Amino acid sequence: DVPATTALIQSSLPGRGVRMKNETWSIVYGDQQIRNITSYTADGGFETSTGRIVGPDTYTGVNVTLLCEAVGGLAEDQSAIIKARDGYAITYNYNNIIIDESTTMVLAYEFNGEPMDEEVVPRIVYIGPDAPIVDGHLSIKMVESIELAPMVPEYFLNLSGACLLYT
């Protein structure tokens, strides 16, 4: 068992950093520490809720699975709850993180060779040699934490009965 421990690496930006957590412990990576981890650069993009395609553009970031290794690694029966500084959160199941050999989920900090704007950085993007385009809700910006948790089981809701329509 891993002892209940919290390791804090100071951020170069006060109040900024990404907390990696599991059920037992956590670690906070500061902005400079994230930039010092092995990075990956490739193209990717996303489709907004209005149907507009953003990209493909070139992003540089850290493979999310590499960050997950700091808290024990991501198993097939786990999900990742990713939260943003503005309160937005989304749960990614294992198959949203490990898609295929040509698509990599990264925590990006550069956009087209330049540092990302402070209002966006860091951002989850999917990149690879085939420049994948994903649904925009998967590209969360202003990431502040990634928590590994048991996967939520898939379920279906069947409704039956009468439907009343009022006019």
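Two strands pair if DSSP finds at least two bridges between them. Strands 8 and 10 of this predicted model clear that cut-off: 5 bridges join them, and they run antiparallel. Strand 8 covers residues 104–111. Strand 10 covers residues 123–127.

Arg123, Val125 and Ile127 point to one side. Ile124 and Tyr126 point to the other. Both sets are buried.

Leaving out residues up to four places away in sequence, Ile124 touches Val64, Ile82, Tyr92, Met105, Val106, Leu107, Leu138, Ser139, Ile140 and Val143.

From Ile124, step out to the core. The largest nonpolar core has 44 residues. Those with the most contacts inside it are Met20, Ile82, Tyr92 and Ile124. Strand 8 gives this core its largest share, 5 residues. In soluble globular proteins, nonpolar side chains tend to be buried together.

Finally, the whole chain. Its secondary structure comes to 3 helices and 12 strands. The chain has 167 residues, and 41% of them count as buried. Among contacts with a separation of 6 or more, 57% come from residues 24 or more positions apart. The chain exposes about 9,900 Å², and carbon and sulfur atoms supply 50% of that area.

Technical notes
Residues are numbered from 1 along each chain as its sequence is written. This is a predicted model: local features need pLDDT of at least 70, side-chain atom pairs count only at pLDDT 80 or more; totals for chains, interfaces and linings use all residues. Side-chain values use heavy atoms; hydrogens and water are left out. Buried means under 20% relative accessible area, exposed over 50%, partly exposed in between (1.4 Å probe, protein chains only). Helices (H or I, at least four residues) and strands (E, at least two) are DSSP runs, numbered from the N terminus. Contact means heavy atoms within 4.5 Å. Accessible areas come from the Shrake-Rupley method with a 1.4 Å probe; for residues, only the protein chains shown count as cover. A nonpolar core is a set of buried Ala, Val, Leu, Ile, Met, Phe, Trp, Tyr and Cys residues joined through side-chain atoms within 4.5 Å.
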